[in-house]
Amino acid sequence: MRLQPLPVPTRVYGGEGVVSYSHRLAARNHSQPGEIEIGLRERGVRLSRARCAAERIDVWRQLGNLHPSAFTTPARINGDAVTDRRLCLRCTQGNPAIGRLPHAGLVCLRHKRWIGSSPQVDLRAYSAALTAERHYRSHLAARGVLFDSFAMELGRACANSVFIGIQEIERRRQHTDIETIAALVYPEQVKFARMLTSRTFLEYVTDPAREANDRRARITQEITKILPVWDASESWRVTERIWEVARRLAQLRRESLLWGTPIRDSYYNLLRFIGRPDLVIDDKWDDYGIRPSTYSRGDHTVADNSPV
Ligand SMILES: [Zn+2]
């Protein structure tokens with residue numbers, strides 16, 4: 001049975017999910033999604049109670065008279081869950097909407113806005129963040145690195161304003177009139193994430209056959225390229241953070257040589273960027289039943305989003 005679209009048409013925004021859309025469509029038709037779904041069931045329409053079941057999604061596509069491509073953004077990429085988040089309020093004409101944007105980092109390039117936190121912020125005065133977003137999209141998103149992935153969270157932790165230099169952050173703040181620290185340090189966050197997913201870098205610093213001193217020195221050397229304002233009293237903290245990850249990855253590589261199947265945790269996902277045939281070829285991540293909550297966010301504590 002083909003359903004009649006609801007009387008007041010409502011467009012779906014790029015990446016918007018069915019939960020967000022159904023609320024907006026129902027509200028514009030002076031109702032609520034639950035009421036509409038009860039009405040449909042009473043009329044004999046089969047409708048799962050699961051929020052994102054295929055048949056439920058199809059029903060809302062019909063009610064909104066939407067293209068079949070609506071609500072088809074993948075839920076997982078390379079084993080990482082694609083997290084729902086608030087869409088750019090300019091893209092949605094000010095209507096709060098939630099969806100998945102795996103191609104985007106923390107910036108809407110169309111409107112030059114920071115969408116990484118609330119309130120969203122105008123970035124037109126801060127071109128470095130826009131450049132960082134372009135780099136994120138072409139070098140990270142293109143390889144399946146999501147905005148809240150382990151590499152990006154570790155990048156954020158390394159891009160702490162104390163490490164970058166309080167004076168430098170103050171200079172950016174005054175120059176741009178932007179108060180959101182996460183936006184001000186976004187260029188460094190993306191650079192660190194690129195470093196952490198660079199094949200040559202990872203190959204070197206996680207190689208269990210190499211001397212620890214050499215691997216550690218390489219980490220320090222790469223960090224100084226990103227943080228030119230180098231405060232010796234803080235430098236060791238960034239090196240320590242990345243060194244801890246490198247040691248863990250080296251251990252996983254060693255285990256994989258011994259046992260073939262290392263433990264899969266959030267650190268392990270970085271190894272896919274090395275692309276070693278003994279590690280991740282034909283690896284079907286979903287087969288391991290790793291939940292998003294424990295996989296990409298829960299079992300590590302690298303994020304440091306506290307205002308500094
Ligand atoms: Zn936008």
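I began with helix 9 (residues 186–196) and helix 11 (residues 212–226), whose crossing is right-handed; a crossing is called right-handed if the near helix is turned clockwise from the far one by less than a right angle, and left-handed if anticlockwise. Helices here are DSSP runs of H or I with at least four residues, and strands are runs of E with at least two, numbered from the N terminus.

I noted the basis of the work: this is a predicted model, where local features need pLDDT of at least 70 and side-chain atom pairs count only at pLDDT 80 or more, while totals for chains, interfaces and linings use all residues. Residues are numbered from 1 along each chain as its sequence is written, and side-chain values use heavy atoms, without hydrogens and water.

**Helix 9 with helix 11**
I looked up the angle: the two axes come within 10 Å and cross at roughly 150 degrees. Helix 9 is therefore roughly antiparallel to helix 11. Axes are lines fitted to C-alpha atoms, for helices over the stretch in contact, and angles run from 0 to 180 degrees between N-to-C directions. Over 145 degrees counts as roughly antiparallel, under 35 as roughly parallel, 65 to 115 as roughly perpendicular, and the rest as oblique.

I then listed the contact (heavy atoms within 4.5 Å). Glu188, Lys191, Phe192 and Met195 of helix 9 meet Glu222, Ile223 and Ile226 of helix 11. By class this contact has four nonpolar, no polar and three charged residues. Nonpolar covers Ala, Val, Leu, Ile, Met, Phe, Trp, Tyr, Cys and Pro; charged covers Asp, Glu, Lys and Arg; the others, Gly among them, are polar.

**Helix 5 with helix 9**
I found the axes of helix 5 (residues 150–158) and helix 9 coming within 7 Å and crossing at roughly 130 degrees. The pair is therefore oblique. Ala151, Met152, Leu154, Gly155, Arg156 and Cys158 in helix 5 meet Tyr186, Gln189, Phe192, Ala193 and Leu196 in helix 9. I sorted these residues into eight nonpolar, two polar and one charged.

**Helix 2 with helix 3**
Helix 2 (residues 33–42) and helix 3 (residues 54–63) pack at about 100 degrees, with axes 12 Å apart. They are therefore roughly perpendicular. I noted Pro33, Ile36, Glu37 and Leu40 on helix 2, and Arg56, Val59, Trp60 and Leu63 on helix 3. The classes are six nonpolar, no polar and two charged.

**Backbone details**
I found a cis peptide bond between Ser118 and Pro119, with omega about 0 degrees. Pro119 sits in the loop between strand 6 (113–114) and strand 7 (121–122). Gln93, not a glycine, has a positive phi of about 50 degrees; Gln93 lies in the loop between strand 3 (85–86) and strand 4 (98–99).
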